[in-house]
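Biologist: Can we walk through this model together? I would like to start with a helix and then move on to rings and strands.

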Amino acid sequence: METSTHLYGIKTYCFPKSSLHSQYLCSKPRSFDFNPHTESCTTLRIPSPSKKRGVRVVCDARKNDVLVHSEPKSQNLQESSHQLSCVMKFGGSSVASADRMKEIAELILSFPEENPVIVLSAMGKTTNNLIVAGEKAASCVSDVSEINELSFVKELHYKTVNELGLDKSLITDHLEKLERLLNSIAVLKELTPRARDYLVSFGECMSTRIFSGYLNKIGVKSRQYDAFDIGFITTDDFTNADILEATYPAVANKLHGDWNNDFAIPIVTGFLGKGWRTCAVTTLGRGGSDLTATTIGKGLGLREIQVWKDVDGVLTCDPNIYEGAKPVPHLTFDEAAELAYFGAQVLHPQSMRPAREGDIPVRVKNSYNRNAPGTLITKSRDMSKAILTSIVLKRNITMLDIVSTRMLGQFGFLAKVFSTFEDLGISVDVVATSEVSISLTLDPSKLWSRELIQQELDNVVEELEKIAKVNLLQHRSIISLIGNVQRSSLILEKVFHVLRTNGVNVQMISQGASKVNISLIVNDSESERCVRALHSAFFETDLADLVNQNGSPP
Ligand SMILES: Nc1ncnc2c1ncn2[C@@H]1O[C@H](COP(=O)(O)OP(=O)(O)O)[C@@H](O)[C@H]1O
Ligand SMILES: N[C@@H](CC(=O)OP(=O)(O)O)C(=O)O
């Protein structure tokens, strides 16, 4: 079968090596270069011959032939194929070694129709290792070069550079600076949030330099960018900074501008930004590269945002809790945001916001299993058959039962309770109220260290006890049921049946205004068992049976 494609601009095409005939190559336009570096395929990199000409590639799979020649291009093709088209974000597990980086390069090249912006996380567990190295440096280590985690990071990066056939000068400056930073932390005996952000930034700065170096080596022109140098402006909330509006136009100008001057695939550090007051490196919270990707997608108005993970998409529950979890084919932004906020590690909690604002579809794919369809996240989807989409667990939650002593009327009571949390800078996750009482859970992501948690909780209780009786309950879990809350009666009937047969008491229940989430609070010790039982009831039973058993939806 013969396929024919018109291609303009710098492109990389992969064909089986055997399919290229040298007599065709001789007759090709001079601006075409042929790169036989890759092992399993031959890569043709074809800069557009001139503003007025394009390249036509004809592949005849039957004859194993590839014919390339130049020809005038049409206006529409010129415009569409010249633009940056999508973001592809690869997480730490996708770029954990030299072999993985080769596979990711090959994966990117297998989409010749795309002009992607690539966002990378740090290699494998580099971020965790850097944090531990920093903590060890701050706690009286006499010689930082003896910190195992530092040695691990150095070895991993030098080994990767070596295996990819790159020059180690690509990362030596960074590794030397990293060691000097750890020495300074050891002298000060303190790891401030600001120093911690600078410390972990070395992970993304090195992974992107290595990957970009590798692409250039195999003849695919790429350009490395540190996000903090190209307009990622954030608040100065070190370790959990928010992206500011000014980021979108700044990043778009820089990336579009460079691309239009000289086509080269942009390789951008995920997770990092620059504090607008301090000008210091900030990070966007753990897993923040997803947010980098969606910010670029919105800023540049791209067609699609792809986040490549080590699972077949967003699953019906955390596969570490239940390995029979199944991929969810389609989610709305609201469902995905709720799922991420309530603890599904697969997506960063804030990452859906830019995608939703820019109405740009997000695709969650598996870089280890690229043919799996993954999960598509869009503004809306057909909910007529949807019941439950996914079950999410957030552990180690603190819950407060606050009962009014009636020193204040109902309005005053609610206002006083919430202003106490505002004054202390603590976010509340799930709330249920009656006329004289409030039950709520506290967002653990805003409570940093153990000591602080206790101190903050003591302050909260002391303040609230001025107007209420307060009962503080720790070691609780939130089980969030993400799905079609229009069918809440059906969902809850099933949930309570499952929990009753498993002897579990629900301590609080809340149906959020988002209309996609019902949250249940149970003891930590019972939570995983509950998730498994609920998963089996909702996802391993035929849902049509479920509806039929229960009649039509309310
Ligand atoms: N509902 C869920 N769906 C998919 N993965 C989940 C879910 N809950 C937790 N996970 C975990 O999230 C991991 C992927 O997220 P993450 O490690 O942040 O990816 P990456 O580092 O590749 O960006 C999976 O390996 C899985 O263990
Ligand atoms: N490297 C950072 C940022 C990130 O997004 O990582 P990942 O994509 O591997 O979750 C972290 O570990 O938090």
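**Helix, rings and sheet**

Modeller: The model is predicted. In helix α3, the buried residues are Ala98, Arg100, Met101, Ile104, Ala105, Leu107, Ile108 and Leu109.

Biologist: How many residues does α3 have, and what span does it reach?

Modeller: Helix α3 covers residues 98–109, which is 12 residues. From first C-alpha to last it reaches 17 Å, close to the 16 Å expected at 1.5 Å a residue.

Biologist: Rings next. How many aromatic pairs are there?

Modeller: The count comes to 5 aromatic pairs. In one of them, Phe90 and Trp308 have ring centres 6.0 Å apart and planes at 20 degrees, so this pair is stacked.

Biologist: Which strands do Phe90 and Trp308 lie in?

Modeller: Phe90 is in strand β7 (residues 86–90) and Trp308 is in strand β14 (residues 304–309), so the pair ties together parts 218 residues apart in sequence.

Biologist: Is Phe90 buried or exposed? And Trp308, buried or exposed?

Modeller: Phe90 is buried, at a relative accessible area of 0%. Trp308 also has 0% relative accessibility and counts as buried.

Biologist: Which residues do ring pairs link into a cluster?

Modeller: Phe90, Phe111 and Trp308.

Biologist: What about charges? Which ring does the charged end of Lys298 sit over?

Modeller: The ring of Tyr248, with the charged end of Lys298 4.0 Å from its centre. Likewise, the charged end of Lys394 sits over the ring of Tyr341, 4.6 Å from the centre.

Biologist: On to the sheet. In what order do the strands come?

Modeller: The open sheet has 8 strands in the order β9-β11-β8-β7-β14-β16-β17-β15, with mixed pairing. β9 (222–225) and β15 (330–332) are at the edges with a single partner strand each, so one side of each has no neighbour in the sheet. On average, neighbouring strands are turned by 20 degrees against each other, direction ignored.

Biologist: How many bridges join β15 to β17?

Modeller: 3 bridges, and the two strands run parallel. Strand β17 spans residues 375–378, and its Ile377 is the bridge partner of Leu331.

Biologist: Last topic, helices on the sheet. Which strands does α8 lie across?

Modeller: Helix α8 (residues 247–261) lies across β8 (116–120), β9 and β11 (265–269), and runs at about 155 degrees to β9. Helix α9 (residues 289–300) packs on the sheet as well, touching β7, β8, β11, β14 and β16 (362–366). The direction of α9 makes about 160 degrees with that of β8.

Definitions and conventions
Residues are numbered from 1 along each chain as its sequence is written. Chains are lettered from A and ligands numbered from 1 in the order in which they are written. This is a predicted model: local features need pLDDT of at least 70, side-chain atom pairs count only at pLDDT 80 or more; totals for chains, interfaces and linings use all residues. Side-chain values use heavy atoms; hydrogens and water are left out. Helices (H or I, at least four residues) and strands (E, at least two) are DSSP runs, numbered from the N terminus. The expected span of a helix is 1.5 Å times one less than its number of residues. Buried means under 20% relative accessible area, exposed over 50%, partly exposed in between (1.4 Å probe, protein chains only). Rings of Phe, Tyr and Trp (its six-membered ring) pair if their centres lie within 6.5 Å; planes under 30 degrees apart count as stacked, over 60 as edge-to-face and the rest as tilted. A charge sits over a ring if NZ of Lys or CZ of Arg is within 6 Å of the ring centre and within 35 degrees of the ring normal. Two strands pair if DSSP finds at least two bridges between them. Axes are lines fitted to C-alpha atoms, for helices over the stretch in contact, and angles run from 0 to 180 degrees between N-to-C directions. Contact means heavy atoms within 4.5 Å.
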